[in-house]
Amino acid sequence: MYIVHSTIVVPLEKVSEVIAIYRHRTGSVDKWPGFLSFQLLQNERRPEELTVQLTWQDKDSYLAWARSDDFRRVHELEKRYPDAELRSVRPTVRKYQVVAE
């Protein structure tokens, strides 16, 4: 398996808004071959830190998604978000190969 974390830190007063956005996400990634799951994680000690976790069958499946037009469309939506403060938030992305279960 292959896991991708995309972590953002948003203003505390906007956390609920961001969570709502992810609860109503397009879900286009869900249809991709090799996609296993999506979770939005909230840090217990720093509630303004949110991490999207995508779990894939393998790295190649993730790379196919990351190079796709669907990926570009989803991420273009972020650039057009009406809230300038949220639009300027940039994620920290970390990628992991599962080596033991």
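Predicted model: local features only at pLDDT ≥ 70, side-chain atom pairs only at ≥ 80, totals over all residues.
Threonine 55 is in contact (heavy atoms within 4.5 Å) with Met1, Tyr2, Ile3, Gly34, Phe35, Leu36, Ser37 and Gln39, leaving aside its neighbours within four places in sequence. The residue is found in strand β3, strands being DSSP runs of E with at least two residues and helices runs of H or I with at least four, numbered from the N terminus. Threonine 55 counts as buried because its relative accessibility is 7%, the cut-off being under 20% with a 1.4 Å probe and protein chains only.

Residues are numbered from 1 along each chain as its sequence is written, and side-chain values use heavy atoms, with hydrogens and water left out.

Let me turn to the sheet. Four strands form an open sheet in the order β2-β3-β1-β4, with antiparallel pairing; two strands pair if DSSP finds at least two bridges between them. β2 (35–42) and β4 (92–97) stand at the edges with a single partner strand each, so one side of each is left without a neighbour in the sheet. Between β2 and β3 (residues 49–56), the antiparallel pairing extends over seven bridges. Within this part, phenylalanine 38 stands opposite leucine 54 in β3.

Finally, the helix. Helix α1 (residues 15–23) lies across β1 (2–9), β2 and β3, and runs at about 170 degrees to β2. Such angles run from 0 to 180 degrees between N-to-C directions, with axes fitted to C-alpha atoms, for helices over the stretch in contact.

Definitions and conventions. Buried < 20%, exposed > 50% of the residue type's maximum accessible area, 1.4 Å probe, protein only.
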